[in-house]
Amino acid sequence: MTNWTAKRERKADLKGRANEPSAMFTRCRVVGCSRPARAGTGDGLDTRFCRSHADHYARHGSPYRASYRAQEINPYRAAAQAWLEVNQSDTYVANAVDRVATLLRTAGPHVEAFRLRGLSPQDRAKAAWARLRKADTDPRRVVAVWLAVEMIISNDPQAERKAEFKQVQAAKLVHRMASGTHKRWGEGPTATELHVYPRPRGRVLRHMGDALEKACELLVEHRGSDLFRQSSNR
């Protein structure tokens, strides 16, 4: 059996299972939601959440907690960036910045945003890092994103504390920094423009967030108390 045939059969099997509702999954796990999980409706294989909460979970890293708004997170990003500049000679700061720089450098070739179709989530994550590299993004800005998320969560009494939420929050901000692909052909009123922005959701964000957390883990472990003390005084 060829790889293509096996892949086609797996796809058909998944589609058949997704279209067959199961009476075992009659309720979404989110408290207060009366809708059935997707596996109980013939609309997918998710045994935990209804479509609405599954989509929310894919985009935000939590089935019920929304992402932080720009006006909430931006002051923390500015504070983290300023702290990094003051402490740029610190061993752990230099380590985090170097590890993010390595993520950018080893991400592989630059891939246009409109050529991502068919790529695995991991390859799409690498493509996002490569777009940041092409844009000559300062690695300190990326490190500042992770520190800002750490700070706002530590200062939020109702924060979602799961690691996945933190990873997705940081990855969404970094993914937005990577922007998209912009093309222009011709001049004047007859010019044609193309603007493509990849959607920040799903496993792509998990791959990016996990890589960023690992790059910054020593910095947070050894200098996090200083940052959290600053954030609590905001």
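Q: Over the ring of which residue does the charged end of Arg206 sit?
A: In this predicted model, a charge counts as sitting over a ring if CZ of Arg is within 6 Å of the ring centre and within 35 degrees of the ring normal. The charged end of Arg206 lies 5.0 Å from the centre of the ring in question. That ring belongs to Tyr57.

Q: Which class, stacked, edge-to-face or tilted, describes the ring pair of Phe49 and Tyr57?
A: The count of aromatic pairs comes to two. For Phe49 and Tyr57, the ring centres are 5.6 Å apart and the planes stand at 55°. Planes under 30 degrees apart count as stacked and those over 60 as edge-to-face, with the rest as tilted. The pair of Phe49 and Tyr57 is therefore tilted.

Q: Are Phe49 and Tyr57 buried or exposed?
A: Buried residues make up 41% of the 234 residues in the protein chain. A residue belongs to that class when its relative accessible area is under 20%. Both Phe49 and Tyr57 are buried.

Q: What is the handedness of the crossing of H6 and H7?
A: Helix H6 spans residues 139–154 and helix H7 spans residues 163–178. Their axes come within 9 Å and cross at roughly 145°. The crossing of H6 and H7 is right-handed.

Q: How many nonpolar residues does the contact of H6 with H7 have?
A: On H6 the contact includes Val142, Val145, Trp146, Val149 and Ile153. On H7 it includes Phe165, Ala170, Leu173, Val174 and Met177. Alongside two polar and three charged residues, the nonpolar ones number ten.

Q: Is Ala163 buried, partly exposed or exposed?
A: Ala163 is found in helix H7. In space, Ala163 is 9.3 Å from Glu213, C-alpha to C-alpha, although 50 residues separate the two in sequence. The relative accessibility of Ala163 is 40%, so Ala163 counts as partly exposed.

Q: What pattern does the protein chain follow along the sequence?
A: There are eight helices and two strands in the protein chain. Among contacts between residues at least 6 apart in sequence, 62% join residues at least 24 apart. Read along the sequence, the pattern is α-α-α-α-α-α-α-β-β-α.

Notes:
Residues are numbered from 1 along each chain as its sequence is written. This is a predicted model: local features need pLDDT of at least 70, side-chain atom pairs count only at pLDDT 80 or more; totals for chains, interfaces and linings use all residues. Side-chain values use heavy atoms; hydrogens and water are left out. Axes are lines fitted to C-alpha atoms, for helices over the stretch in contact, and angles run from 0 to 180 degrees between N-to-C directions. Helices (H or I, at least four residues) and strands (E, at least two) are DSSP runs, numbered from the N terminus. A crossing is left-handed if the near helix is turned anticlockwise from the far one by less than a right angle, and right-handed if clockwise. Contact means heavy atoms within 4.5 Å. Ala, Val, Leu, Ile, Met, Phe, Trp, Tyr, Cys and Pro count as nonpolar, Asp, Glu, Lys and Arg as charged, and the others, Gly among them, as polar. Rings of Phe, Tyr and Trp (its six-membered ring) pair if their centres lie within 6.5 Å; planes under 30 degrees apart count as stacked, over 60 as edge-to-face and the rest as tilted. Buried means under 20% relative accessible area, exposed over 50%, partly exposed in between (1.4 Å probe, protein chains only).
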